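Welcome! Please have a look at the structure first.

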Amino acid sequence: MASSSFIASLIFALLILFMGTTNAQLSTNFYSKSCPSLFSTVRSTVQSAIKNEARMGASLLRLFFHDCFVNGCDGSVLLDDTASFTGEKNAVPNKNSVRGFNVIDNIKSAVENACPGMVSCADILAITARDSVAILGGPSWNVKLGRRDARTASQAAANNSIPPPTSNLNQLISRFNALGLSTKDMVALAGSHTIGQARCTSFRARIYNETNLDSTLAQTRQSNCPRTSGSGDNNLAPLDLQSPTAFDNNYYKNLIMNRGLLHSDQQLFLNGGSTDSIVRGYSNSQSTFTSDFTVAMIKMGDINPLTGSNGEIRKNCRRPN
């Protein structure tokens with residue numbers, strides 16, 4: 001009989017081989033032969049959407065975040081409710097907030113025309129997020145692809161998995177760490193709030209109750225966000241007042257001046273907090289921020305993808321085949 005140490009070594013070797021194979025299933029050239037026009041097809045549609053509405057770039061980037069944070073990057077956020085499951089679109093972090101589904105529909109339609117049945121909705125989200133950042137002046141990167149689409153979604157998982165804007169620093173660090181993302185990754189990914197807008201309901205408590213907020217900004221935001229809950233809940237304000245449609249490092253400069261719009265934003269810089277030094281570094285160097293952001297986006301895209309024979313390639317991103 002083989003010795004127990006030999007068997008243990010064999011099992012370990014097989015685990016390493018399996019892990020390597022799983023990771024290798026995502027690659028930057030996954031569709032190079034099966035859909036060579038994929039990138040140009042996606043980018044042209046994203047460009048049109050952002051030209052029509054600059055805010056859409058932030059919305060498309062956020063879709064990828066909200067997909068990956070719930071059971072991995074599997075396209076589940078795109079699914080409408082069915083008789084067998086309640087999807088994620090009406091979860092608390094998403095209802096009246098997550099948007100851009102029509103743009104994804106348009107991209108999927110164009111990709112299906114070019115390469116029928118080949119490209120997953122999960123991969124379309126990953127490419128779209130990259131293109132949105134690049135079109136708005138941010139970095140570009142080689143997107144790892146090969147994800148497949150989930151056949152189901154979970155409203156409960158979305159409610160429990162996506163950090164709310166009321167999160168404190170320890171809660172943010174803990175949630176990101178649980179997904180394999182470091183504290184530095186978390187601070188870099190938060191920089192996506194250099195673009196886009198937030199609803200009054202997400203920052204009302206901060207502008208009326210918190211003291212570590214620039215008074216001028218508080219007054220400006222109060223003018224369009226009434227204190228009374230239920231009044232003006234969906235009124236919008238830019239997350240970055242200076243350049244809400246340019247992907248830059250102003251977000252971090254704002255934090256140092258107590259101009260973070262969301263409670264969770266300002267938690268990254270507390271004048272004595274554990275992430276203050278990272279924020280200062282990004283505020284001083286846009287290149288450092290964009291480099292770390294790129295690394296973090298690639299890592300986020302690796303969260304629990306469905307690959308191989310798992311999941312499916314949806315024909316319509318809103319419903320399972």
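The largest cavity holds about 70 Å³ of space. Keep in mind as you read that this is a predicted model. The count comes to one cavity of 30 Å³ or more.

Which residues line the largest cavity? They are F64, A126, W141, V143, K144, R147, M297, I298, G301 and D302. Sorted by class, this lining has six nonpolar residues, one polar residue and three charged ones.

Now turn to the largest pocket, which contains about 1000 Å³ of space. Its lining is made of 45 residues, and those closest to the pocket's centre are R62, H66, P163, H193 and L262. By class, the lining of the largest pocket has 24 nonpolar, 13 polar and eight charged residues.

Several elements take part in this lining. At least two residues each come from α3 (56-68), α7 (169-178), α8 (183-190), β1 (197-199), α9 (200-209) and α12 (263-266).

## Helices α8 and α14

To picture how two packed helices sit together, we use the angle between their axes and the distance between the axes. Helix α8, one of the elements that supply the pocket lining, packs with helix α14 (residues 286-300) at an angle of about 105°, and their axes are 8 Å apart. Angles of 65 to 115 degrees count as roughly perpendicular, so α8 and α14 are roughly perpendicular to each other.

On the α8 side, the contact involves K184, D185, A188 and L189, which meet F289, D292, F293, A296, M297, K299 and M300 of α14. Seven of the residues in this contact are nonpolar and four are charged, with no polar ones.

## Helices α2 and α5

A further pair to look at is helix α2 (residues 38-52) and helix α5 (residues 121-135). The axes of α2 and α5 come within 9 Å and cross at roughly 55°.

From α2, the contact uses L38, F39, V42, R43, V46, Q47 and I50, while α5 brings I127, T128, R130, D131, S132, A134 and I135. Eight nonpolar, three polar and three charged residues make up this contact of α2 with α5.

Methods
Residues are numbered from 1 along each chain as its sequence is written. This is a predicted model: local features need pLDDT of at least 70, side-chain atom pairs count only at pLDDT 80 or more; totals for chains, interfaces and linings use all residues. Side-chain values use heavy atoms; hydrogens and water are left out. Axes are lines fitted to C-alpha atoms, for helices over the stretch in contact, and angles run from 0 to 180 degrees between N-to-C directions. Helices (H or I, at least four residues) and strands (E, at least two) are DSSP runs, numbered from the N terminus. Contact means heavy atoms within 4.5 Å. Ala, Val, Leu, Ile, Met, Phe, Trp, Tyr, Cys and Pro count as nonpolar, Asp, Glu, Lys and Arg as charged, and the others, Gly among them, as polar. On a 1 Å grid over the protein atoms alone, a cavity is a set of points where a 1.4 Å probe fits but cannot get out, and a pocket is an open set with protein on both sides within 12 Å along at least five of seven lines; lining residues have an atom within 4 Å of a point. Grid points are joined across faces, edges and corners, and a volume is the space filled by probe spheres set on the points. Angles under 35 degrees count as roughly parallel, over 145 as roughly antiparallel, 65 to 115 as roughly perpendicular and the rest as oblique.
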